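Reader: I have a few questions about how the labels for this structure were reached. Can we take them in turn?
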Amino acid sequence: MSDEVILSLKNISKTFPGVQALNKISFDLRKGEIHCICGENGAGKSTLIKIISGAYQPDPGGNIEFEGNPVNLTHPSVAMKLGIQTIYQEHTIFPHLSITENIFVGMEITKNGMMRKVEMKKKTAEVLEYLRSDLKPDQLVDELSSGEQKIVEIAKALVLERKVIIMDEPTSSFSANEIDNLLEIIKKIRERGIGIIYISHHLEEVFRIADRITVLRDGLHVITCNAKDVDEPQLIRYMVGRDASAFYHRDFYPLGETVLKVENLSGNGVHDISFEVRRGEILGFAGMVGSGRSELMTLLFGGAEKTGGKIYIMGKEVNLKSPINAIKNKMCYITEDRQYTGLFLIHTIARNTIIANMAKTRKFLVNPSKEIKTGNTFIERLGTKARDSRMLAMNLSGGNQQKVVLAKWFNTEGEIYIFDEPTRGIDVGAKQEIYQIMMNLLKEGKAIIMVSSDMPEMVSMSDRVMVMKAGRIAGELKREEVSEENILELSIGGKKI
Amino acid sequence: MKESPVQQDKKRVSLFGRGENSTVVMMLIFFFIAIILIQLITSAVSGKVVYPSFISPVNLLNIIMQVAAVGIMAMGMTVVMVGGGIDLSVGMLTSFVTIFIAKSIMHWGIPLWGALILVVIIAVVLEMIMGYIISRFSVEPFIITLGGMIAFRGIALIICNSQEISTQGALAVLKTNLIEGAKGPSGLNLTFPIYVVVFIVITVAIWWLMKYTKYGRRVYAVGANRNAAYLAGIGVQNVVMSTYALNGFLVAIAAIMLLARVNTAIITVGQNLEIDVIAATVVGGVAMSGGKGNIWGTFVGAILLGSIANAMNILRLQSEWQFVAKGVIIIVAVTAGAIVQARQARAQFMRQIK
């Protein structure tokens, strides 16, 4: 590693409506180093790499220099021309083309308008050999595993002689072997003087390859240090640590009987999940994005096929083949994405309120004026800011929309509530109201399962926390063990249970 | 139940559902006023003001008679489109139904009622097959029904050997005039055939189905947001399939009414009919994206488009102009609807933050 800086960012901020995703971040990348960026969900890692790759424009005020020259990354193509290659989590590959064709797509070597196939193939073969890969230039990408496809993307960056490679969670869905192989390759290409930005939720990987580490928290730069100067617990401490004011002080209620019990549940990308929830309790599900929390909730609610395990509700085994069964068994599912899976935006509050309860009634007819009354009752009960229940859901703010979703489920008189990211995209005041509503549910003896990437929310609201990692339960934290450090340690640390 | 303190403004609750249909109703009124004025002015210019023939009882009944078949089909299209689909095959399905009936009773010796029942079942099954494919394999309804349209055309042509078949008045009973002997102010005979009654009954029935039944609610929900509908415990696939099945039933009924009127089964009977049907539906305020619109809007839309051809006739304008007029009205209606809606949304939003 030389000390020559290839890319440097100074005072970079990025504001989205209502959110400061990055706040005066400075970051630099040297030639031939592997620079890892760490942080919790929502710390600003993705926003930062999107700015470097030209996908987002930073707020005015900061500046970016590439090889010592100020640059304006107005578009991904600008970044690419400079030599910045981003390898995204999801594949940006053409499955029906060969490896060579994938590498040169859009950058074909031509002479008089004709493609120089032989030359392209030769270059591809050279790079693949350098990477000590068994892949052949003519192989169709379709036939490769996801690990091999990543290697193709790296080969592409090498063939095109990129100077900076950004990798966002490259190893998700990889086998252990593939991870080893990829990490070796990354270390190898460092020798070519390429600067590598590496983002991973797995601290174990980070410590295996990182030269330097930058930690972000809530859009702020916490520290940049040499990897050999820190250890895992210390790194986790950098990633957590907030004011007490960020936490919500909740009341606790006596716990009642177990209402939901899950034994060795598998399917929809999660494996061997066991837990139980009691009345008056919030069971939190923590983990990094992609650890399978939402997938588990969808599976629980009958939205995906179960491949094994058992679910008991109020002590009786149930077979939840579809959401209809789940609703009939008194389950409610407040999804992560209100607009996509929760609300009927172009319909009135009244219609949104009554829709889920229809699965439980046998009545053939509906009564529009009674629906409006029901809608109004819930507007009043939840304190929704709306003129009346004939207002369209699309005209409400985020917090009020969430209350409409809650009204939809409260109207079914369920007993088990799944809250997936209950306060995402909701302002602070409305957040407190949602928490209060959840407290009221507990007081009434309902059970709550909560998925959240918001650490303070997870720590302050949960009675117990199940931490998930790679589709499995990585560990369970009792009330007195619930803390940011412990959650992070289980969800990104190398430690096995 | 406890009286809600939220204020309810009663004055806007009407048959036409909260001003949702205001655009199309206004356009119909404007169109009528415009034609009446033209007639009054032209007659005044020629010296003597006469009662405009456009709004004579005879002509108004005429409009309804001309609209009946397209209107019934538009009811089915409304249900399909509210559910988030579209059906391009209705025109050719109409041709197929008329040809099948004529062939059955004229050449295959099937009794009339048998033929009618059979053809209704066939139409429902054909639509259900398309609905099944659309709902289970999540393919674009536009493409599947386009395929259906072409296939139905072929089947119809094979059955009739590409020839026309006269029914020799076999369905005349549907044309029975219910107000036989009644005369308009000008002394002309008024006709109010049974198929107009069928049109009105079907309109009321589908309106009731969509507004007052759980089924109707589900169709709206599926059209507005499939994912949310699924998680709210709605069998999305079956609901989608059922909208096509219902549409098949209504298309068969409409085709029978049409055959009663024209007495001849020929492939051109249904040609381009899907255009008129979709036009009536969208002019009536049904959104292509699903989940929005209502039956009365479609009813008014069908009447509006039907009166255009009629008015052109009465004003003795070249009939080709009707296409221009229809096209402009579709564009204006849908654009105006979008503008009005954007305004309402903004007004609602402003009220909320105040």
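Author: A helix here is a DSSP run of H or I with at least four residues, and a strand is a run of E with at least two. The model is predicted.

Reader: What does that count give for chain B, in helices and strands?
Author: Chain B has 12 helices and two strands. Along the sequence the order is α-α-α-α-α-β-α-α-α-α-β-α-α-α.

Reader: Why is chain B called as compact as a globular protein of its length?
Author: The globule rule is 2.2 Å times the number of residues to the power 0.38. For 354 residues the rule gives 20 Å, and the radius of gyration of chain B is 22 Å. The two values are close, so chain B is as compact as a globular protein of that length. Its C-alpha atoms fill a box of roughly 65 × 65 × 40 Å along the principal axes.

Reader: What makes a residue of chain B count as buried, and what percentage does?
Author: The test is 20 or more other C-beta atoms within 10 Å of its own. In chain B, 44% of the 354 residues are buried.

Reader: How do you know which residues form the contact between chains A and B?
Author: Two residues are in contact if their C-beta atoms lie within 7 Å. The contact takes 37 residues from chain A and 29 from chain B.

Reader: Which element gives the largest share of chain A's side?
Author: That is α13(A), with six residues.

Reader: What makes up that side by residue class?
Author: The side of chain A that touches chain B has 20 nonpolar, eight polar and nine charged residues.

Terms used. Residues are numbered from 1 along each chain as its sequence is written. Chains are lettered from A and ligands numbered from 1 in the order in which they are written. This is a predicted model: local features need pLDDT of at least 70, side-chain atom pairs count only at pLDDT 80 or more; totals for chains, interfaces and linings use all residues. Ala, Val, Leu, Ile, Met, Phe, Trp, Tyr, Cys and Pro count as nonpolar, Asp, Glu, Lys and Arg as charged, and the others, Gly among them, as polar. A residue is buried if 20 or more other C-beta atoms lie within 10 Å of its own, exposed if 12 or fewer, and partly exposed in between; C-beta atoms are placed from the backbone.
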